[in-house]
Amino acid sequence: MTLAIVRFCLVLFCVVLGAVMLLKGAWAQETPTAANWTRLPGTAVDISINSQGQAYVVAPDGTPWRWDALEQRWRKMSGDFVRISAAEGNRPWAVNAEGAVFRYNGLWWESKDTDVADVAADAQGNVYIAKVNGDIKKWNPLRSEWQPVQGQAYRIALDMAGNPWAVTRDRRIAAFDGKNWGTLPGRAVDIAIGGNDTVVIADAEGRIRVWNDGQRSWQAVAGVEGVTAAAATPDGGPWAVLTDGVIMATTLLVAPEKIKTEEGRVPEIKAPLAVAPIDTAPVAIAPGVSAAPLTPSGAIAPPAQVPPATTAPVQTAATLSASPVSPQTGATGQTGTKTVVPAAGNDATIDPVAVTTNEDITFVNTQNTASALAIGRDGSVFGLDAAGNVLRWSNSRKQFESFPGTLVRLAVDALGNPWGISTLGRVFRHTGNQWKQIPGATGSDIAIGGDGSVVIADASGTLSKLNDAMTRFDRISGQGLLVAVAPDGIPWTIRSDQLVQRCASSPCEIFAQKAKSIAIGPDGSVYVVSDKDLLMLLDTDTTTFDVVRTPGHTPQSVAVGPNGYPWVVTKDTLVLASKFFERDEQADRLVAASTVGDTTGTGDTAAVVDVTSESAFTFSKNITFETFSANLNTIDEIVVGQNDGFYVYGSPPDQGPRQLLTFNTKTKKLEEVSLSFNQELENFDFASDGSIWTNGNSSNSIYKLSSTGTIQRTYSVTSGNIRNVSIGSDGTVYVVITDRLYHLKSGTNAFTKFSNDDVVKVAIGRAGDLWIADSSNIVQQFTGTRFENRPLGKTTSISDLGAGTDGSVYITLYENNAPVLKKWNATNSSFDKVNNVNANKLDVLSDGRPWIANTSSGTDVRRAKD
């Protein structure tokens with residue numbers, strides 16, 4: 001053999017070896033993962049499942065069908081489509097053969113765009129489309145329009161963060177991390193993502209594969225061939241549609257009620273009508289569910305059934321069971337354990353509410369919102385809305401109802417009476433018929449234990465416990481900013497660095513877990529929401545916290561009721577319930593209606609602080625700002641509306657009529673708003689519904705305008721110089737006329753005088769916290785009875801004032817002949833200077849980020865970065 005031939009053979013060997021290694025990198029080892037596949041009734045050409053377990057298919061004739069998890073059958077819908085995507089609730093999106101994309105509104109399909117190849121939606125409201133030319137666009141529901149997104153796609157899916165994953169026309173696979181696209185090995189014809197972020201593809205050879213992020217490879221799943229479409233359940237179990245239309249599943253979607261029935265358990269007793277409709281309840285079935293017969297009597301399936309594919313083994317079982325959904329560790333996926341108190345039986349010494357449930361924790365979306373929750377050992381659930389108004393949950397009416405009082409912190413005692421802390425740090429308790437202030441007490445957080453112990457934490461982290469006479473709080477050992485109390489009266493806290501502590505003695509026992517919310521049930525179950533936005537439960541055997549899944553939702557805070565059942569407030573303020581606690585509600589409305597007293601109080605005030613969150617805007621003495629050009633000659637006013645929109649009002653360069661500009665968060669540009677209102681906007685603010693409140697040029701009228709400037713209503717007010725209009729998060733409209741403050745409460749028809757204090761400007765913060773500048777421009781805070789200088793005993797003359805619903809308060813003022821920005825530091829009772837910026841106009845977003853302008857140097861506006 002000549003040397004040239006030898007060299008050629010070596011080169012050929014290297015090429016072949018390289019190709020083999022490339023294939024190995026794409027598919028990893030070719031030993032498929034074993035899976036038990038079950039044939040579902042009907043046939044399909046496309047399939048989709050959201051993180052709440054709602055499944056849809058499109059039959060070969062184009063008819064869409066919805067899976068009924070309770071009755072284990074498909075339910076027919078209207079329409080004619082080729083692609084479908086489950087979305088929020090039972091509102092899927094679909095694409096027809098002509099490329100038109102539609103959204104189901106509950107009654108009919110609404111057309112939203114054309115020239116579409118695929119659509120992907122999730123349970124959080126994100127919707128993306130892949131256009132026929134490969135472009136990707138995202139739906140903006142506020143503007144009812146599609147906005148372009150970088151990247152190319154022919155098939156598209158969304159992960160739990162709402163980021164798109166794509167398969168291109170040439171079958172390449174890519175993932176978007178929120179900033180950039182990254183390519184993945186292999187080829188695919190379809191892609192889907194489960195509620196636990198499991199990514200599933202139908203590969204180019206017609207097999208199901210699951211992404212292994214640790215190995216950066218696709219793992220084959222054995223049992224089916226000829227796959228044309230894929231889906232994934234909340235627990236990541238693959239579903240597949242085969243070339244002949246057969247629908248196959250590894251994990252079944254079964255309603256919790258059916259699981260209990262099939263297991264032969266007595267149906268759980270629930271409060272009347274308290275359970276949300278099953279179509280909206282998140283379904284979370286853990287891996288390893290054995291399949292019950294799938295075609296019960298009367299079952300309906302999509303048309304055109306065909307015999308099972310010979311390559312797909314089908315299994316059915318006589319019984320149906322579900323392994324525990326939670327808790328589950330994030331690292332290994334191993335199921336954690338809960339310490340379960342023995343069943344009470346006839347033992348009268350065991351408190352029934354202190355027996356920890358051994359049921360799976362499955363959450364139901366109550367379709368209600370709140371900013372905070374607290375639950376008593378009697379099962380009374382109280383909440384706070386965005387304005388701090390107290391709410392009480394009604395099982396019979398399946399909603400929160402108004403309860404007297406306005407607070408920023410909340411707890412519930414054993415009798416079902418709420419306690420709380422006001423925005424001024426004053427402590428209150430409800431006696432059953434009236435609100436009473438605990439004299440001389442101030443704090444930042446409050447909690448009540450199963451033994452009745454009431455503990456507060458102040459802004460410095462000091463803990464105090466209420467004495468038996470309920471007349472004062474006495475200092476106790478321990479430290480923390482947020483507090484919960486165990487049934488034995490021992491406080492648990494979250495420190496300023498977010499570490500969890502148990503304060504049975506000094507120093508406190510520190511756990512290797514960071515959190516931003518903590519709650520303890522009357523059974524002793526300790527739940528936290530971690531700094532990574534995970535709901536977690538303490539495993540008392542290992543002193544570690546295990547993940548409890550909330551499919552499709554990101555937890556913000558947690559409360560725990562009888563038997564260790566948690567309720568959760570999500571980041572989008574939705575309330576999730578794992579149990580509706582049965583109790584006598586007949587007197588609830590009477591108690592609310594007959595309550596006397598209020599949560600205003602008198603005396604000392606104190607700071608109410610939060611634990612720093614990595615995901616939230618935090619203050620430092622240097623803030624990074626983004627700058628945007630207003631393209632105006634002068635700026636008269638900048639406003640952050642209750643809808644968190646940012647608006648600028650001023651004169652254009654051509655000195656024409658003044659213009660209203662709004663900030664487009666997508667394009668990051670200020671755009672002109674065209675209004676039909678034929679007057680100037682002398683003073684204005686935007687309500688949460690987008691309506692504009694202004695006096696125009698009038699000195700004795702306040703107009704409510706639509707977002708386009710149409711006058712919806714005119715309110716007569718005392719004649720005078722209208723100097724300021726501002727709206728609180730509860731909808732109350734405040735107007736400064738000459739030097740007096742008037743307000744229009746939500747649901748009323750006339751402005752009334754708020755106080756006789758002189759005022760020129762007003763800002764409303766968290767839970768109705770009122771700040772003003774008086775006629776001498778001195779900044780003051782309302783104490784419930786009067787306005788006091790801030791800092792107390794000092795006079796701070798300001799140029800502008802703004803407050804966010806998170807509690808942040810900013811001012812601008814002149815120091816050393818320069819306009820400066822400062823933020824209120826309630827802990828130190830001082831205004832701290834922002835060192836690296838100058839500003840004379842400002843307003844504040846709900847998350848505490850200020851918008852500013854320095855009109856003495858130009859017309860650029862600036863926004864604090866996240």
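Let me begin with a term: a residue is called buried if its relative accessible area is under 20%, exposed if over 50%, and partly exposed in between, using a 1.4 Å probe and protein chains only. By that criterion, Trp771 and Phe831 are both buried.

The model before you is predicted, so local features need pLDDT of at least 70 and side-chain atom pairs count only at pLDDT 80 or more, whereas totals for chains, interfaces and linings use all residues. Residues are numbered from 1 along each chain as its sequence is written, and side-chain values use heavy atoms, with hydrogens and water left out.

Trp771 and Phe831 also form an aromatic pair, at 6.4 Å centre to centre with 70° between the planes, which is edge-to-face. Rings of Phe, Tyr and Trp (its six-membered ring) pair if their centres lie within 6.5 Å; planes under 30 degrees apart are stacked, over 60 edge-to-face, and the rest tilted. Trp771 belongs to strand β62 and Phe831 to strand β68, 60 residues apart. Strands here are DSSP runs of E, at least two residues long, numbered from the N terminus. The structure holds 34 aromatic pairs. One aromatic cluster is formed by Trp393, Phe400, Trp567, Phe580 and Phe581.

I turn now to a sheet. Four strands make an open sheet in the order β49-β50-β51-β52, with antiparallel pairing; two strands pair if DSSP finds at least two bridges between them. Its edge strands, β49 (634-640) and β52 (669-673), each pair on one side only. Strands β50 and β51 are joined in the antiparallel sense over four bridges, and Val648 stands opposite Leu661 in β51.
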